[in-house]
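This briefing covers a few helices and the residues that link them. The sequence and the model come first, followed by the points grouped by topic.

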Amino acid sequence: MMPPYLRLVRASAWYDLVVTAGFVTPWTYTLLHDALSLPPLDPMQTLYANLMGSVVVVWAVLRIVRPLPVHGLYDGIARTLFATWQAYALAQGLPHILWLFLSAEVAFGVAQLVPWLRRGAVTAPAPPR
């Protein structure tokens, strides 16, 4: 049986995989882009979307296949960065639907970082048995 913290790490990975899979290829991003009615598509935007999507999907698969406590720490840190830039984008006038994703980033980030903060920065949450 998997400890609760590792189930959380895995759940956050599944969320990332589902939300980000459409960004991985130019073809899937074009479909997603059209469905979201985003500003006109350009090659540089597609490249950045594909790079981001590829990295996030690989990171998600790692956390699904082999969730470790330290993966939760790093994911929490990454979510803090993502949430910061999403909040900045909202302040710049991006559509309010971004609040939904910002909420998920904050929730998963806090849930994964709090155990580390409670035990100290050098002590991991309980390892799997």
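Is Arg63 buried or exposed? The model is a predicted one, and in it Arg63 is buried, because its relative accessible area is 0%.

**Arg63**

- The side chain of Arg63 makes a polar contact of 2.6 Å with the side chain of Asp16.
- Apart from neighbours within four places in sequence, Arg63 is in contact with Val9, Arg10, Ser12, Ala13, Asp16, His71, Asp75 and Arg79.
- Arg10, one of these contacts, is 53 residues from Arg63 in sequence, yet their C-alpha atoms are 5.7 Å apart in space.

**Ser12**

- Ser12 is part of helix 1 and counts as buried because its relative accessibility is 0%, where under 20% is the cut-off.
- The side chain of Ser12 reaches the backbone oxygen of Val9 at 2.9 Å.
- When residues up to four places away in sequence are not counted, Ser12 touches Arg63, Asp75, Arg79, Phe108 and Gln112.

**Thr20**

- Thr20 is located in helix 1, and it counts as buried at 7% relative accessibility.
- A polar atom of the Thr20 side chain lies 2.8 Å from the backbone oxygen of Asp16.
- With neighbours within four places in sequence left aside, Thr20 is in contact with Met52, Gly53, Val56 and Val57.
- Gly53, Val56 and Val57 are among the buried residues of helix 3.

**Helix 1**

- Helix 1 takes in residues 4-20, which is 17 residues.
- From first C-alpha to last, helix 1 reaches 24 Å, close to the 24 Å expected at 1.5 Å a residue.
- The buried residues of helix 1 are Tyr5, Leu6, Val9, Ser12, Ala13, Tyr15, Asp16, Leu17 and Thr20.
- Helix 3 (43-65), helix 4 (69-91) and helix 5 (98-119) are included in what covers these buried residues.

**Helix 3**

- Helix 3 has 23 residues and should therefore span 33 Å at 1.5 Å a residue; its end C-alpha atoms are 33 Å apart, in agreement.
- At the start of helix 3, a side-chain oxygen of Asp42 comes to within 2.9 Å of the backbone nitrogen of Met44.
- Thr46, Ala49, Asn50, Gly53, Val56, Val57, Ala60, Arg63 and Ile64 are buried in helix 3.
- Helix 1, helix 2 and helix 4 are what the buried residues of helix 3 pack against.

**Helix 2 against helix 3**

- Helix 2 (residues 26-36) packs on helix 3 at an angle of about 110°, and the two axes are 10 Å apart.
- Helix 2 is therefore roughly perpendicular to helix 3, because angles of 65 to 115 degrees count as such.
- Pro26, Tyr29 and His33 of helix 2 meet Gln45, Thr46, Ala49 and Asn50 of helix 3 in this contact.
- By class, the contact has three nonpolar and four polar residues, and no charged ones.

Notes:
Residues numbered from 1 in each chain as written. Predicted model: local features only at pLDDT ≥ 70, side-chain atom pairs only at ≥ 80, totals over all residues. Heavy atoms only, no water. Helix = DSSP H or I, 4+ residues; strand = E, 2+ residues; numbered from the N terminus. Expected span 1.5 Å × (residues − 1). Buried < 20%, exposed > 50% of the residue type's maximum accessible area, 1.4 Å probe, protein only. Contact = heavy atoms within 4.5 Å. Axes fitted to C-alpha atoms, helices over the stretch in contact; angles between N-to-C directions. Parallel < 35°, antiparallel > 145°, perpendicular 65-115°, else oblique. Nonpolar A, V, L, I, M, F, W, Y, C, P; charged D, E, K, R; others polar. Polar contact = N/O pair within 3.5 Å; in protein donor to acceptor, adjacent residues only side chain to side chain.
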